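Subject: Structure for your review

Dear colleague,

Please find the structure below, followed by a summary of what was found in it.

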Amino acid sequence: MNCLIYLRVSTKEQADKGQGEEGYSIPAQRKACLNLIREKGWNITDEYVDRGESARSAARPQLQDMLTRLKDDKTINAVVVHKIDRLARNVEDHVTIRAALKAQGVILVSVTERIEDTASGKLVENIFASFAEFYSANLGA
């Protein structure tokens, strides 16, 4: 199975954190994603990293580059993220991104959340997406 990794942090401070520091730094996300990929025996093809980019909008350069690549590169089977909220912080964008992945036959794999292609799995995934939106809205308030 060939996969891409998508990594994102919202602030420049998070982007600058080192491997050993707490939080969802780029190095910490990368390490968790790589560990999962190794455990599963998958092949990593590439990674896309948005540093200091809010997930309130899907208009992030690396996310858009990755989605464009998936349209052209039929060898990719999965996108691995640390958490669903790294991909999107609102339900609308999450659904749009998931539809784009599905249209290309690409699965989404979260290191920390169980995503299954079942009725209950889809419900749980949508709840995770709703929590991400709530968290973002609550921070704004």
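Helix 5 and helix 6 are oblique to each other, because angles under 35 degrees count as roughly parallel, over 145 as roughly antiparallel, 65 to 115 as roughly perpendicular and the rest as oblique. Helix 5 (residues 91–103) packs against helix 6 (residues 119–140) at an angle of about 140°, and their axes are 8 Å apart. Axes here are lines fitted to C-alpha atoms, for helices over the stretch in contact, with angles running from 0 to 180 degrees between N-to-C directions. Val-91, His-94 and Arg-98 of helix 5 meet Glu-125, Asn-126, Ala-129, Ser-130 and Glu-133 of helix 6, where contact means heavy atoms within 4.5 Å. These residues divide into 2 nonpolar, 3 polar and 3 charged; Ala, Val, Leu, Ile, Met, Phe, Trp, Tyr, Cys and Pro count as nonpolar, Asp, Glu, Lys and Arg as charged, and the others, Gly among them, as polar.

This is a predicted model, in which local features need pLDDT of at least 70 and side-chain atom pairs count only at pLDDT 80 or more, while totals for chains, interfaces and linings use all residues. Residues are numbered from 1 along each chain as its sequence is written, and side-chain values use heavy atoms, with hydrogens and water left out.

The chain has 6 helices and 4 strands, in the order β-α-α-β-α-β-α-α-β-α from the N terminus. Helices (H or I, at least four residues) and strands (E, at least two) are DSSP runs, numbered from the N terminus. Of the 141 residues, 40% are buried (under 20% relative accessible area; exposed is over 50%, partly exposed in between, with a 1.4 Å probe and protein chains only).

Leu-101 lies in helix 5 and counts as buried because its relative accessibility is 1%. Leaving aside residues up to four places away in sequence, Leu-101 touches Leu-67, Leu-70, Val-79, Val-106 and Leu-108. The C-alpha atoms of Leu-101 and Leu-70 are separated by 7.6 Å, although the two are 31 residues apart along the chain.

Gly-105 sits in the loop between helix 5 and strand 4 (107–110), and its 55% relative accessibility is why Gly-105 counts as exposed. From the C-alpha atom of Gly-105 to that of Leu-70 the separation is 9.2 Å.

In helix 2 (residues 26–40), the buried residues are Ile-26, Pro-27, Gln-29, Ala-32, Cys-33, Leu-36 and Ile-37. Just after helix 2, Gly-41 has a positive phi of about 75°.

Yours sincerely
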